[in-house]
Amino acid sequence: MRDGGAATGTDTSADAAGAAAESGLGPGRRYAHVIRLRVSHAEEYLRLHREAWPEVLATITACNIRNYSIYLYGDLLFSYYEYFGSDYAADMARMAADPVTQRWWELTDPCQEKVPEAKPGEWWAALPEVFRHD
């Protein structure tokens with residue numbers, strides 16, 4: 001799910017998963033990521049997400065992602081989702097291998113630009129959780 005911070009295509013390790021805003025509390029783990037939206041591609045990106053492909057959404061669900069959202073703040077995209085599976089790395093590899101998801105990323109990746117804080121191998125930069133109240 002490179003388009004929201006999960007399967008980056010380059011870094012699906014469990015360590016990278018742990019670096020994302022993950023919580024061991026409750027039934028799911030929370031993840032948050034950020035990336036810059038290229039202003040020149042903003043309308044295309046927003047249009048794609050208004051018309052999200054059902055096959056991509058089905059893959060996200062099949063890979064145990066729930067409560068997935070992307071927010072726009074200025075030129076920054078912020079993604080949030082909860083993972084309910086037992087093998088994050090395997091699920092993200094499965095998503096990255098999906099041909100329809102790969103085609104989706106071919107359309108969405110040019111709309112995005114890594115933030116300077118992204119670690120090597122990250123497309124969407126993982127954000128640490130600094131506060132939580134359930």
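The largest nonpolar core of this predicted model comprises 15 residues, and those with the most contacts inside it are Ile65, Tyr88, Met92 and Met95. A nonpolar core denotes a set of buried Ala, Val, Leu, Ile, Met, Phe, Trp, Tyr and Cys residues joined through side-chain atoms within 4.5 Å. At least two residues of this core come from each of α3 (54–62), β3 (76–83), α4 and α5 (99–108), with α4 giving the most, 4 residues. Helices (H or I, at least four residues) and strands (E, at least two) are DSSP runs, numbered from the N terminus. Another core, of 8 residues, lies apart from it and includes Ile35, Leu37, Cys111 and Trp124.

Across the whole structure, 6 aromatic pairs were found. Rings of Phe, Tyr and Trp (its six-membered ring) pair if their centres lie within 6.5 Å; planes under 30 degrees apart count as stacked, over 60 as edge-to-face and the rest as tilted. Tyr31 and Tyr88 are stacked, at 4.7 Å centre to centre with 15 degrees between the planes. This pair links distant parts of the chain, Tyr31 in strand β1 (residues 29–37) and Tyr88 in helix α4 (residues 88–97), 57 residues apart. Both Tyr31 and Tyr88 are buried (under 20% relative accessible area; exposed is over 50%, partly exposed in between; 1.4 Å probe, protein chains only). Tyr71 and Phe78 form a tilted pair, at 6.0 Å and 35 degrees. Tyr71 counts as partly exposed because its relative accessibility is 48%. One aromatic cluster is formed by Tyr31, Tyr68, Tyr81, Tyr83 and Tyr88.

Local features need pLDDT of at least 70 and side-chain atom pairs count only at pLDDT 80 or more, whereas totals for chains, interfaces and linings use all residues. Residues are numbered from 1 along each chain as its sequence is written, and side-chain values use heavy atoms, with hydrogens and water left out.
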